[in-house]
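Open the model in a viewer that can select by residue number and show secondary structure. Each stop below gives a selection and then what is found there.

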Amino acid sequence: MNTKWNLHFKITNWCDLNCRHCCECSAPTQPLKLFSLEKIEKYMYEAARMDKKPNELLSVGGGEVMAPYIHGQDNYIPNLLDIIYKNGFIPTLKTNGVWGNSDRTRIKILYDIAKYAYKYEKLVTLDISVDEFHNNQSGVIKIINDITKEIALSYAIRICLVGFNTQKSLFALNNLEQELSKKDFNIITNEIGDWIITSPDGKNTMFIYNDFSSSVFNSGRAKINKVYTNSGQPTNSDRHNCLVLDNNDIATYNYIYRTQVNNRSLIKIINSFQQIIK
Ligand code: SF4
């Protein structure tokens with residue numbers, strides 16, 4: 001078995017959207033029930049000390065990863081980032097971007113996450129869904145607008161737009177590009193489909209990474225985690241395994257195998273899956 005692996009924390013099932021393809025069973029009707037930061041800190045401490053550590057780029061999602069802000073728990077994400085960074089990992093936050101529509105929430109979130117990127121001198125990544133299922137483009141435009149216009153934010157936050165390898169996802173991406181162009185952003189698409197975007201005043205240029213390669217039916221949404229096809233088979237010999245730990249104390253391995261955590265250590269959880277797969 002390949003020993004490279006990624007770690008993903010699913011912090012809540014609450015989401016302000018209710019996408020019909022959602023493989024996380026998330027919706028506005030789900031309880032917030034946040035993953036305990038004490039537990040995440042314990043896993044991070046263990047992960048940092050393992051012989052075979054997870055990839056240093058780890059991801060956090062939900063549900064909507066910014067749900068704590070929407071529910072008035074403004075310290076949760078900053079504390080989570082601090083835990084991740086101080087254990088030597090680099091966070092990717094997977095979001096639908098709807099919070100971009102609220103000026104107060106958007107400014108709070110962007111400056112909060114930038115603060116931790118500066119503190120630890122490593123970028124924080126926002127993976128934002130842009131596809132046929134998410135009715136979120138107005139919020140996404142405001143997020144991109146703020147980050148590209150403000151150098152302090154663009155030096156700290158990396159944006160990755162994530163969709164599926166469908167015509168409808170590409171249509172959504174093209175639509176977003178057109179809307180940004182109408183606001184006088186200059187966008188050049190490079191040979192691998194990423195954007196080099198310049199702010200309307202011409203003072204700031206940054207990359208926006210575009211990942212539109214995954215199947216709709218793939219389990220999970222994370223670029224870095226999405227290495228298994230919908231048949232559950234590895235796509236290549238350089239694949240990463242993926243462990244998702246969630247707020248309901250369930251561990252899921254490669255989107256196929258599941259177990260109750262039951263206060264076990266990270267290494268015991270990983271070993272239990274590896275014994276099943278052998
Ligand atoms: S935004 Fe994401 S987590 Fe929320 S319902 Fe849609 S797919 Fe699920």
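**Before selecting**

This is a predicted model, in which local features need pLDDT of at least 70 and side-chain atom pairs count only at pLDDT 80 or more, while totals for chains, interfaces and linings use all residues. Residues are numbered from 1 along each chain as its sequence is written.

**Whole protein**

Colour by secondary structure: the protein has eight helices and eleven strands. Both are DSSP runs numbered from the N terminus, helices being H or I of at least four residues and strands E of at least two. Of the 278 residues, 41% count as buried. Buried means that 20 or more other C-beta atoms lie within 10 Å of the residue's own; exposed means 12 or fewer, and partly exposed is in between, with C-beta atoms placed from the backbone. Among contacts with a separation of 6 or more, 70% are between residues 24 or more positions apart. A contact here is a pair of C-beta atoms, placed from the backbone, within 7 Å.

**The core**

Select I113, V124, I128, I157, I159 and L243, which have the most contacts inside the largest nonpolar core, a set of 62 residues. Such a core consists of buried Ala, Val, Leu, Ile, Met, Phe, Trp, Tyr and Cys residues joined through C-beta atoms within 7 Å. Next, select 103–120: this is helix α4, which gives the core its largest share, six residues.

Now centre on I157. Leaving aside neighbours within four places in sequence, I157 contacts L110, I113, A114, A117, L123, V124, L126 and I147.

**A152**

Select 151–154, helix α6, where A152 is located. Why does A152 count as partly exposed? The reason is that A152 has 13 C-beta neighbours inside 10 Å.

Select 241–246 (β9) with β10; the two pair antiparallel over three bridges. Pairing requires at least two DSSP bridges between the strands. Across this pair, L245 stands opposite A251 of β10. Three residues lie between the strands of this hairpin, and D249 in the turn has a positive phi of about 65°.

Finally, show the side chains of 250–253, strand β10: A251 and Y253 form the covered face, I250 and T252 the uncovered one.

How values were computed:
Contact = placed C-beta atoms within 7 Å.
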